[in-house]
Amino acid sequence: MHVLFVTSEAYPVVKTGGLADVSGALPAALRQLGVDVRLLLPGYTCVLDAISTHDTGVVLPLLPDVEAAHVRLGKMPDGETPVYVLDCPSLYRRSGDPYHDEQGLEWPDNHLRFAALSKAAALLASPNIALKLKFQPELIHCNDWQTALTPAYQHYMSSVQRPVLLSIHNMAYQGVFAPKSLPALGLPWESFSVQGLEFYGSVSFLKAGLFYADWLNTVSSTYAQEIQTKDFGYGLQGLLQHRQDHLSGLLNGIDIQQWNPATDKCLFANYDAEDLSGKAENKQALQQQLGLAVEPDAPLLGCITRLTEQKGIDWVVQVLPDILAEGAQFVILGSGDSKLEQALTRLAHAYPQQISVTLGYHETLSHRIEAAADIFLMPSRFEPCGLNQMYSMRYGTLPIVRRTGGLADTVIPVTPAHIDQHTATGFVFESPNAEALLQTVQYALVVYRHKALWRMLQRNAMQRDFSWQHSAQAYFKLYQQLSA
Ligand code: ADP
């Protein structure tokens with residue numbers, strides 16, 4: 001089976017969030033099952049710098065006012081997964097991240113940049129181009145709004161149509177643009193309708209995908225249900241309800257090689273479920289590195305996140321003084337909303353021995369926090385899947401999560417019954433507010449003082465299998481079903 005996997009980011013060559021982790025790991029896991037999955041990525045400067053590619057000779061005219069793009073081919077740094085790189089310098093060769101300039105503002109031509117990516121996907125799967133590339137995908141797997149116009153382009157192409165699977169990693173990002181952008185996308189006005197990509201008078205890339213794709217998938221079964229409701233559907237819940245027979249929720253896995261406390265080279269010391277002494281060494285070394293009081297018994301709470309409303313960090317800010325009053329410490333790594341950044345920085349100045357705030361993106365530090373912390377905070381308002389809670393459990397760092405999306409599907413709450421069954425792996429709260437978060441943190445801190453119980457919970461968590469193996473099998477089945 002041959003599959004074109006289209007994505008706007010893929011670890012380790014370009015990453016802003018969980019989509020990159022999935023795009024880096026899932027294709028590799030599928031290739032192990034014998035599926036010839038190849039990535040299609042925009043030719044951002046960082047991508048062209050990270051991997052060596054050659055020109056395939058295929059040139060794609062993409063959008064009316066955009067230069068034709070050259071298709072280059074290389075391999076991901078794993079040396080296994082082939083990647084087509086869409087080289088279109090006027091759209092992609094810039095500094096900044098895939099979606100924002102260096103000031104953090106969205107690129108004004110994002111509609112063109114990601115329409116071009118989607119159009120390229122549709123063209124690569126068409127028989128003429130496939131023949132030139134000697135790669136005929138039976139299926140196109142798109143991811144998020146950035147690639148969601150692919151089935152719309154296919155719909156208006158005369159060549160053979162390939163089934164399109166659209167994975168939704170986050171409904172909150174939809175790619176909504178003014179209607180006047182439509183001609184530049186090279187799509188007919190006819191598509192601008194309720195039965196198409198029109199969404200409350202605007203052009204919505206995600207809506208196009210939800211409407212035209214053959215199958216929709218999201219990244220946990222709870223989130224697949226949630227997005228069909230008003231609170232989580234962002235206005236698209238009606239369409240999702242309508243398509244519920246073509247909607248699944250396959251849980252993401254994690255890369256268990258990259259995230260393995262026994263071998264992780266980023267750590268100060270390695271450890272495993274049998275011998276957790278290395279975890280204490282990581283805690284001490286991180287407290288030193290970040291200028292916190294070096295106190296082995298102070299419960300250390302960690303957090304690594306985009307600083308957005310989604311992640312519930314405003315609740316953390318509200319209750320931090322109360323948490324610190326219990327003798328705990330808090331370390332956070334993240335960037336995003338400037339108000340949250342300022343609020344956290346102010347708290348760090350007020351409590352220099354107990355709070356460390358690192359603004360920015362740091363791969364090594366993120367691994368060190370996972371290893372050093374006792375507790376990981378993830379109080380998201382919504383969370384399609386979430387990866388950090390799984391990294392945390394693997395590192396013996398018990399997560400505190402809200403019961404939503406993939407958090408609900410992966411963390412087994414510490415209750416008397418789950419303690420007896422040796423299945424409990426973390427702390428779960430329900431109500432979306434700071435008070436509920438604080439109560440759960442206080443409960444976790446009580447449990448933390450019971451060392452033997454805490455060890456057992458850590459072992460339960462570390463023994464959970466979050467590898468891609470199960471999910472990759474499920475995707476493989478879905479691919480077979482769709483291409484049959
Ligand atoms: P989302 O995709 O919504 O941001 P996920 O939990 O699915 O959330 O994935 C986030 C990924 O990005 C994780 O691998 C996390 O460790 C990583 N990450 C987020 N912020 C940072 C940061 N500031 N530095 C390093 N890694 C980060």
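Student: What makes the Phe-114 and Ser-118 pair a polar contact?
Tutor: The backbone oxygen of Phe-114 lies 2.9 Å from a polar side-chain atom of Ser-118. The cut-off is 3.5 Å between N or O atoms, so the pair counts. Keep in mind that this is a predicted model. Ser-118 itself is found in helix H4, residues 110-124.

Student: And why is Ser-118 called buried or exposed?
Tutor: Its relative accessibility is 0%. Buried means under 20%, so Ser-118 counts as buried. Leaving aside neighbours within four places in sequence, Ser-118 is in contact with Gln-146, Thr-147, Ala-148, Leu-149, Thr-150 and Tyr-153.

Student: How do you know which class Pro-42 belongs to, buried or exposed?
Tutor: By the cut-off of under 20%: Pro-42 has 0% relative accessibility, so it is buried. Pro-42 sits in strand E2, residues 36-42. Beyond four places in sequence, Pro-42 has contacts with Thr-7, Ser-8, Val-47, Val-85, Leu-86, Tyr-92 and Leu-117.

Student: Where does Ile-355 stand relative to Pro-42?
Tutor: The two are 313 residues apart along the chain, and their C-alpha atoms are separated by 39 Å.

Student: What word describes the way H19 and H20 are set to each other, and why?
Tutor: Helix H19 (residues 434-448) and helix H20 (residues 451-463) pack at about 110°, with axes 7 Å apart. Angles of 65 to 115 degrees count as roughly perpendicular, and H19 and H20 are therefore roughly perpendicular to each other. On the H19 side, Ala-444, Val-447 and Tyr-448 take part, and they meet Lys-451, Leu-453, Trp-454 and Leu-457 of H20. By class, that contact has 6 nonpolar, no polar and 1 charged residues.

Student: What makes Tyr-234 stand out in its backbone?
Tutor: Most residues other than glycine have a negative phi. Tyr-234 is not a glycine, yet has a positive phi of about 50°. Tyr-234 lies in the loop between helix H10 (230-233) and helix H11 (237-242). With 36% relative accessibility, between the cut-offs of 20% and 50%, Tyr-234 counts as partly exposed.

Student: Which peptide bond is cis, and what value goes with it?
Tutor: The one joining Tyr-11 and Pro-12, where omega is about 5°. Most peptide bonds are trans. Pro-12 is in the loop between strand E1 (2-6) and helix H1 (18-32).

Student: Which residues come nearest to the ligand?
Tutor: Of the 19 residues around the ligand, those are Gly-18, Asp-21, Arg-306, Lys-311 and Gly-360.

Terms used:
Residues are numbered from 1 along each chain as its sequence is written. This is a predicted model: local features need pLDDT of at least 70, side-chain atom pairs count only at pLDDT 80 or more; totals for chains, interfaces and linings use all residues. Side-chain values use heavy atoms; hydrogens and water are left out. Axes are lines fitted to C-alpha atoms, for helices over the stretch in contact, and angles run from 0 to 180 degrees between N-to-C directions. Helices (H or I, at least four residues) and strands (E, at least two) are DSSP runs, numbered from the N terminus. Angles under 35 degrees count as roughly parallel, over 145 as roughly antiparallel, 65 to 115 as roughly perpendicular and the rest as oblique. Contact means heavy atoms within 4.5 Å. Ala, Val, Leu, Ile, Met, Phe, Trp, Tyr, Cys and Pro count as nonpolar, Asp, Glu, Lys and Arg as charged, and the others, Gly among them, as polar. Buried means under 20% relative accessible area, exposed over 50%, partly exposed in between (1.4 Å probe, protein chains only). A residue is near a molecule or strand if one of its heavy atoms lies within 4 Å of it. A polar contact is a pair of N or O atoms within 3.5 Å; within protein, one must be able to donate a hydrogen and the other to accept it, and residues adjacent in sequence count only if both atoms are side-chain atoms.
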